[in-house]
Protein chains: 2
Amino acid sequence: MSKTKKILLDEKDIPKQWYNIQADLPEPLEPPYNTRAGRPATPDDLEAIFPKEIVKQEVSTERFIDIPDEVRDAYKIWRPSPLVRAAGLEKFLDTPAKIYFKNEGVSPSGSHKSNSAIAQAFYNKAAGTKRIATETGAGQWGSALAMACEMFGIECVVYMVKVSFEQKPYRKSLMQVYGAQVFASPSDKTETGRQVLAKDPDNEGSLGIAISEAIEDVLNHKNAKYSLGSVLNHVALHQTIIGLEAKKQLEIAGDYPDIVVACLGGGSNFSGTAFPFVMDKLQGRKPALRAIAAEPSACPKLSKGVFEYDFGDNSGFTPALKMYTLGHTFMPGGIHAGGLRYHGASPLVSALVKHKAIESAVVKQRAVFEAAVTFARTEGILPAPESAHAIRIAMDEALKAKEEGKSKTILFNLSGHGHFDLSAYDNYLSGKMEDYDYPSDKVKEALCQLPKVNSRVES
Amino acid sequence: MSKTKKILLDEKDIPKQWYNIQADLPEPLEPPYNTRAGRPATPDDLEAIFPKEIVKQEVSTERFIDIPDEVRDAYKIWRPSPLVRAAGLEKFLDTPAKIYFKNEGVSPSGSHKSNSAIAQAFYNKAAGTKRIATETGAGQWGSALAMACEMFGIECVVYMVKVSFEQKPYRKSLMQVYGAQVFASPSDKTETGRQVLAKDPDNEGSLGIAISEAIEDVLNHKNAKYSLGSVLNHVALHQTIIGLEAKKQLEIAGDYPDIVVACLGGGSNFSGTAFPFVMDKLQGRKPALRAIAAEPSACPKLSKGVFEYDFGDNSGFTPALKMYTLGHTFMPGGIHAGGLRYHGASPLVSALVKHKAIESAVVKQRAVFEAAVTFARTEGILPAPESAHAIRIAMDEALKAKEEGKSKTILFNLSGHGHFDLSAYDNYLSGKMEDYDYPSDKVKEALCQLPKVNSRVES
């Protein structure tokens with residue numbers, strides 16, 4: 001008895017630099033593409049909606065980038081987050097594998113999203129931004145950004161997809177507690193919203209419309225900037241705090257993972273967890289390391305998508321990014337892991353999949369919730385449905401290790417707690433939950449809508 | 001910049017003993033009274049529904065009681081909990097006071113309730129209990145006990161007040177994820193429930209009926225025991241882990257509180273936070289220490305109640321306890337802090353108020369939510385409405401210190417997070433929240449229903 005459960009760090013051990021994997025890529029990323037102008041996007045294009053420092057990070061190839069003191073101080077509200085040995089789960093699985101998880105659910109917004117929200121709020125504050133607009137679906141990003149803006153004294157405006165606004169009023173209330181203005185999108189606050197409503201007053205909204213509204217809001221207000229919670233390189237950069245801390249903690253435990261698992265929506269959680277370990281692989285020190293992105297069967301862009309230029313949003317408003325995508329017009333089935341219902345994967349993650357430096361795995365919804373309930377019962381903590389995708393893969397790998405009689409070290413990221421997701425658990429426990437197969441026909445259709453880009457020639 | 005925010009302890013610093021304030025009381029507690037038998041309750045009476053070790057703790061006057069290794073190991077899922085310097089709140093209040101808070105919201109069930117749930121599950125397991133029945137209102141206790149029972153392999157049955165069962169389905173789902181059976185009370189599982197339903201099929205339930213059902217369940221099943229989440233001495237004992245950790249953490253910071261604040265429902269949270277400090281006062285080392293129990297104006301038993309024998313439940317089923325009470329038939333108004341809507345206060349807390357060793361303070365609901373929102377905006381963490389009662393008093397004391405130009409050290413307990421309570425925040429932010437005055441007429445009526453007890457003569 002009296003075993004160590006959590007590996008904790010002191011506040012002074014919060015990393016002082018983020019890790020930028022662009023320094024270690026086998027070849028440079030292809031740049032975003034401005035389809036309207038018919039040319040690669042320039043830093044100037046990006047500075048219309050992001051502060052200069054963020055744009056610098058977006059394109060930087062410096063390996064380590066200093067974390068400002070103010071950001072580290074704000075991180076201290078909940079960081080360093082615990083690294084936990086899942087001994088209860090190991091015992092239940094009767095596996096020789098060692099399973100560790102990083103618990104990002106202890107953040108005030110309940111998920112890893114705060115790691116980038118705070119950094120973005122800081123750089124905006126430093127650049128004189130008075131107002132930040134963003135969009136949110138399920139609300140994790142919106143609530144993380146609302147809290148960060150409140151801390152740095154910036155006005156926060158969130159366009160929330162109307163169907164979520166109405167079905168998930170609690171996330172809306174959380175953003176409002178943090179002082180944000182939350183509008184159901186389509187709204188009457190923008191030309192985009194008004195046009196949609198004029199055509200269809202009952203329109204339930206989409207992430208695409210909400211992005212368009214947020215960007216229009218930015219262009220219509222002085223000292224206003226836009227903020228995004230995933231996909232882009234600077235977001236992945238900020239999230240590496242997760243993996244960098246985990247590395248220090250595993251070092252204390254005298255361990256190093258054979259397998260790193262995280263779920264993948266836009267890619268911020270996976271990047272943040274895995275990149276600091278993938279660095280060791282890219283630099284040749286850990287050639288056998290496996291980093292696995294867990295995807296839902298309803299939306300498996302890495303496993304089933306194409307590696308092409310595509311828009312970041314459903315309506316084709318953003319620059320096009322070279323990434324694995326199911327097509328920007330693809331609408332995945334209504335799985336409960338709202339954070340994973342995104343058609344594309346971050347360009348960085350996509351490039352690493354293309355280079356076979358990382359891999360992906362697909363899981364179905366019921367198997368995910370079975371893993372979630374097992375985890376709650378053996379480790380005490382209720383996981384977010386998104387995070388449970390990683391738990392499922394970690395469990396499967398631990399069972400494989402048992403079959404093979406091998407001791408493996410598995411690390412996964414518990415990206416958020418599930419206290420906001422109990423209706424999904426209710427759906428599962430009452431036997432009503434559906435599985436979703438990969439919708440190949442819908443994807444085929446969506447892939448016909450990819451934008452025309454010829455970046456190789458023009459850039 | 002780069003200040004310390006949280007004071008963290010290692011797992012090995014989790015206290016090895018709980019503190020039992022019965023060792024330091026100015027005079028012994030008056031015993032529970034068995035009104036049916038017309039005599040003080042005996043340990044035998046209690047052992048019908050509690051395991052022997054718990055009954056021993058209930059009456060023990062030993063100052064320190066060992067925490068079993070198995071309990072300390074289970075605590076490691078989230079303990080030691082952080083002690084946090086509320087520098088953001090201090091700055092907002094512009095106060096010379098130092099404000100610290102202990103964050104119990106990081107537990108898997110989201111509140112301090114797990115501290116006793118795990119201990120009770122352990123002692124029951126050791127005694128061969130196969131099934132534990134309990135009641136729950138808002139659901140904090142039920143979910144903490146469900147998780148603890150799952151960890152120790154005991155069946156858990158929760159009778160949940162029907163109106164909460166229907167209005168708070170999420171807490172029910174959480175208990176079910178942890179493997180508990182949850183019945184809406186009145187249920188058809190007990191004679192009590194069936195009788196109530198026969199008379200009134202639409203009965204919405206009450207904590208009194210739910211307690212009766214849980215106890216009947218225990219008496220009707222082999223190897224079954226009952227479990228309570230507050231009020232009793234052994235629950236207060238287990239909760240002292242909060243104050244004992246906080247003491248170690250403040251020592252690291254080189255500090256000691258002038259004022260300790262916690263909210264008071266049945267008393268478990270207040271006892272756990274304050275008693276380890278009140279010990280120093282009772283033993284003469286810290287005569288000036290102030291320990292303040294924060295009560296809602298809708299249910300201020302310490303501030304406005306009488307110190308008399310009264311039943312623990314609304315229907316007069318339990319032994320009578322000598323305590324501050326508003327009368328067991330008193331139904332407080334519908335404040336959002338469901339955990340504070342209890343008519344009585346723990347006998348230990350009551351005795352200490354009677355001896356003027358601790359004090360109470362009354363706050364109104366809107367002022368509480370104003371404090372809650374201020375706290376969320378300055379410290380990032382969303383508090384449970386119960387905990388926000390303590391925040392309100394801590395803020396008021398910090399403002400008093402400012403007026404007086406005195407530097408004071410204030411410690412309060414953040415007993416739970418508010419992610420389950422966003423509908424209450426929504427109610428506040430939309431301007432619909434009501435205040436509740438002290439309902440003196442209803443109390444006067446309830447006080448006429450106190451049981452007849454003459455313990456002094458008979459004991």
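Start by selecting residues 140-152 of chain B: this is helix 6, with 13 residues. From first C-alpha to last, helix 6 of chain B reaches 19 Å, close to the 18 Å expected at 1.5 Å a residue (that is, 1.5 Å times one less than the number of residues). Helices here are DSSP runs of H or I, at least four residues long, and strands are E runs of at least two, numbered from the N terminus.

This is a predicted model, where local features need pLDDT of at least 70, side-chain atom pairs count only at pLDDT 80 or more, and totals for chains, interfaces and linings use all residues. Residues are numbered from 1 along each chain as its sequence is written, chains are lettered from A and ligands numbered from 1 in written order, and side-chain values use heavy atoms, leaving out hydrogens and water.

Now color helix 6 of chain B by burial: 11 of its 13 residues are buried, so it is largely enclosed by the rest of the structure. Buried means under 20% relative accessible area, exposed over 50%, partly exposed in between (1.4 Å probe, protein chains only). Among the buried ones are B:Trp141, B:Met147 and B:Phe152. Show their neighbors too, including helix 3 (69-75) and strand 9 (155-161) of chain B.

Next, jump to helix 18 of chain A, residues 422-429, and pick out its buried A:Leu422, A:Ala424 and A:Tyr425. Their cover includes helix 16 of chain A together with helix 8 of chain B.

Definitions and conventions:
Contact = heavy atoms within 4.5 Å.
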